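Subject: Structure for you to look at

Dear colleague,

I am handing over the structure below, and after it I set out what was found in it. Please read the notes with the structure open beside them.

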Amino acid sequence: MPDLGKYAFEVLSAYAVSLLLLGGLIWISLRQSARMRRRLEEQERRMNRNG
């Protein structure tokens with residue numbers, strides 16, 4: 001690990017916040033993707049029943 005000197009806390013905090021935000025965005029994207037996939041499958045089932 002490189003020597004960050006007196007700014008080590010600030011640099012490591014910035015990395016931690018960035019990783020948390022990136023993880024949150026990935027989680028939200030996966031959750032929304034699953035929700036849309038379920039809605040699409042439901043709509044396709046409706047179309048197949050009526051078609």
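A helix here is a DSSP run of H or I that is at least four residues long, and helices are numbered from the N terminus. Arginine 35 lies in helix 1 in that sense, and please keep in mind throughout that the model is a predicted one.

Helix 1 takes in residues 8–50, glutamine 43 among them. According to the UniProt record, which is an unreviewed entry, residues 12–30 carry the annotation "transmembrane region".

One is nonpolar, is made by Leu22, Ile26 and Leu30, and comes to about 310 Å². Leucine 30, which has its place in helix 1, counts as exposed because its relative accessibility is 59% and the cut-off for that class is over 50%. The other is a patch of positive charge, in which Arg31, Arg35, Arg37, Arg38 and Arg39 gather. Arginine 35, one of these residues, has a relative accessible area of 38% and is therefore classed as partly exposed.

How many salt bridges does a search of the whole structure find? The search finds one, and it joins the side chains of glutamate 42 and arginine 46, with a distance of 2.3 Å from N to O. Side chains of opposite charge can pair when their charged atoms come close. Glutamate 42 and arginine 46 are four residues apart in helix 1, so about one helical turn separates them. Both partners are partly exposed, glutamate 42 at 35% relative accessibility and arginine 46 with a relative accessible area of 40%.

Glutamine 43, also found in helix 1, counts as partly exposed because its relative accessibility is 40%. Between the C-alpha atoms of glutamine 43 and leucine 21 there is a separation of 33 Å, the two residues being 22 residues apart along the chain.

With kind regards

Technical notes: Residues numbered from 1 in each chain as written. Predicted model: local features only at pLDDT ≥ 70, side-chain atom pairs only at ≥ 80, totals over all residues. Heavy atoms only, no water. UniProt positions renumbered as here; feature names shortened; annotations may be inferred. Helix = DSSP H or I, 4+ residues; strand = E, 2+ residues; numbered from the N terminus. Buried < 20%, exposed > 50% of the residue type's maximum accessible area, 1.4 Å probe, protein only. Patch = residues over 30% accessible without salt bridge, like charges linked within 9 Å, V, L, I, M, F, W, Y side chains within 5 Å. Areas by Shrake-Rupley, 256 points an atom, 1.4 Å probe, with all protein chains shown as cover. Salt bridge = Lys/Arg side-chain N within 4 Å of Asp/Glu carboxyl O. Lys, Arg positive; Asp, Glu negative; His and termini not counted. Charge placed at Lys NZ, Arg CZ, Asp CG, Glu CD.
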